[in-house]
Amino acid sequence: IQHKRLRRKRCHQCLKNDKLEVVICCNCKKRQYCYDCIAEWYPKKKKEEVEHSCPFCCGNCHCDRCLQAGGVMTVLNLLIFTGDGNKKQNSLYILHSALPFLRKIQLEQQAELDIETRIRGTKNSPSRSAHPQDLLIACFNNCKTSIANFHRSCPNSHCSYDICLDCCNELRKGIQPGGLDVTSTSGHVSWEANEDGGIPCPPEKFGGCGTGNLELRRILKEAWVKLLIERAEYFTSNYRLPLLDCSRGCSMCRAVFSSIRDNSRFSEERQASCRQFSQDNFLYCPDAIDMGDAESAHFQMHWKRGEPVIVRNAVAKASGLSWEPKVMLRAFKTACRKLMSNDLKVKAIDCFDWCELEISIDQFFKGYLDMIGHQNGLPRILKLKDWPPSNSFEQCLPRYGAEFLAMIPFPEYTHPRYGLLNLVTKLPEGASKPDLGPKMYIAYGHAGELGRGESVAKLHCDVSDAV
Ligand SMILES: [Zn+2]
Ligand SMILES: [Zn+2]
Ligand SMILES: [Zn+2]
Ligand SMILES: [Zn+2]
Ligand SMILES: [Zn+2]
Ligand SMILES: [Zn+2]
């Protein structure tokens, strides 16, 4: 280890230049870390390792500036999955998979046009929506789904009630859309479709104005979906999905399974149940590090069948950035300032009674270390849910955001911006998108089950897929 007592350069971590004992990196020959900082912030690294390649060179430096400088990992990661020749195949695959849904939308729109023609007695093109931001229109009052193109809207400018075609059809069948409980005291439904199929604006108590009939409107050009279908059919006319017989379980899993059954290596499959005469007792369970090029097709096969997939060893794909409470606390302090919450307070949940409490982030992260007890003797377990609160993980915690995305397997499906097979990445700028995260749930843990106040969400279901 090189001791430089004469040249007083600053320690990259603490920025002090009065440290006598420092390690200089042999790789960049530039950065140095003082002994104190290595012991404090990199307790798992030996000084020799730091000398060979410093934390900065390894991409896992925990200094304030590096914690704020993001993106490095993401860029590296991106090259792996966008620069390949699979782009065309992936695009054809997604086009082929989306086509049936486009056809369904088209059929639904055509049926609505037919109803409109019947009501008016003549063929009539729907007029463009009057909303200034019409890409954000959703069926807010009923099913909450975003609206692709045709919908019905109240012509009363003070009302502007919108409803999707699906909900219109439910109403025509006598079902109250969106699961609304709208039966009046006498048991009669107080909002129903007209005899001719027209939909009146619902009474005020359902969010409408009750003054007239809803008009058929469009967001995009009338023939837009039809054109899309024609183009998609043209491009995919020669495309064939790979034929896979999965009636007897997954052939790819079985091949790997039998070839390694004899040695002690982990299998690609994990037994999840023991049902007799069942072909699906096993879950596909690949190792993140061993995944080759063919793994994506293999994943698709299980994904299509709606099976859960467990990816092992995902942490090994990260750069080694520390998720220790004291390192995260430093990153969080900067993040809170970016969120303009100057008092550095967060809303945490006490897992014992699920009550929300306001706590300083200092206290929250220090609580990891001492877990001050509840009055009844159980440790106090706190949880920070859905953090950061807005869709801004990468502004608040850029390094952690990049590190996190680097660990998520199958980026072509999971990357929120560049996933070639992630349909949401194809939506136009300004369209309403589900909040795709990443989001963090940070909770204290306890080795044994306490029977009450557990902090880990074992199963979580959301409106859309989330990371
Ligand atoms: Zn230092
Ligand atoms: Zn270095
Ligand atoms: Zn640094
Ligand atoms: Zn709806
Ligand atoms: Zn209205
Ligand atoms: Zn398989």
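Analyst: Four donors count as tetrahedral if all angles lie between 85 and 135 degrees, donors being N, O and S atoms within 2.8 Å of the metal (3.2 Å for Na, K and Ca), with water not among the atoms, so that sites may look incomplete. This is a predicted model in which local features need pLDDT of at least 70 and side-chain atom pairs count only at pLDDT 80 or more, whereas totals for chains, interfaces and linings use all residues. Residues are numbered from 1 along each chain as its sequence is written, chains are lettered from A and ligands numbered from 1 in the order in which they are written, and side-chain values use heavy atoms, leaving out hydrogens and water.

User: What makes the site of the zinc ion (ligand 4) tetrahedral?

Analyst: The zinc ion (ligand 4) is held by the SG atoms of Cys139, Cys143, Cys164 and Cys167 at 2.2 to 2.3 Å, and the angles among these 4 donor atoms are 105 to 113°, which gives a tetrahedral site. Along the chain the donors are spaced as C-x3-C-x20-C-x2-C. Cys139 sits in the loop between β3 (127–128) and β4 (151–153) and Cys167 in helix α7, so this pair ties together parts 28 residues apart in sequence.

User: Why is the arrangement around the zinc ion (ligand 5) called tetrahedral?

Analyst: Its donors are Cys154 (SG), Cys159 (SG), Cys201 (SG) and Cys209 (SG), at 2.2 to 2.3 Å, and the 4 donor atoms subtend angles of 105 to 113°, so the arrangement is tetrahedral. The spacing of these donors is C-x4-C-x41-C-x7-C.

User: Why are α6 and α7 described as oblique?

Analyst: Helix α6 (residues 86–120) packs against helix α7 (residues 165–172) at about 55°, with axes 10 Å apart. Angles under 35 degrees count as roughly parallel, over 145 as roughly antiparallel, 65 to 115 as roughly perpendicular and the rest as oblique, and α6 and α7 are therefore oblique to each other. The contact (heavy atoms within 4.5 Å) includes Glu108 and Ile115 of α6 and Leu165 and Arg172 of α7.

User: How do you know that α11 is roughly antiparallel to α12?

Analyst: Helix α11 (residues 325–338) and helix α12 (residues 361–370) pack at an angle of about 165°, their axes being 10 Å apart, and that makes α11 roughly antiparallel to α12. Among the residues in contact are Met328 and Phe332 of α11 and Phe365 and Tyr368 of α12.

Notes
Axes fitted to C-alpha atoms, helices over the stretch in contact; angles between N-to-C directions. Helix = DSSP H or I, 4+ residues; strand = E, 2+ residues; numbered from the N terminus. Tetrahedral: all angles 85-135°; square planar, octahedral: opposite > 155°, others 65-115°.
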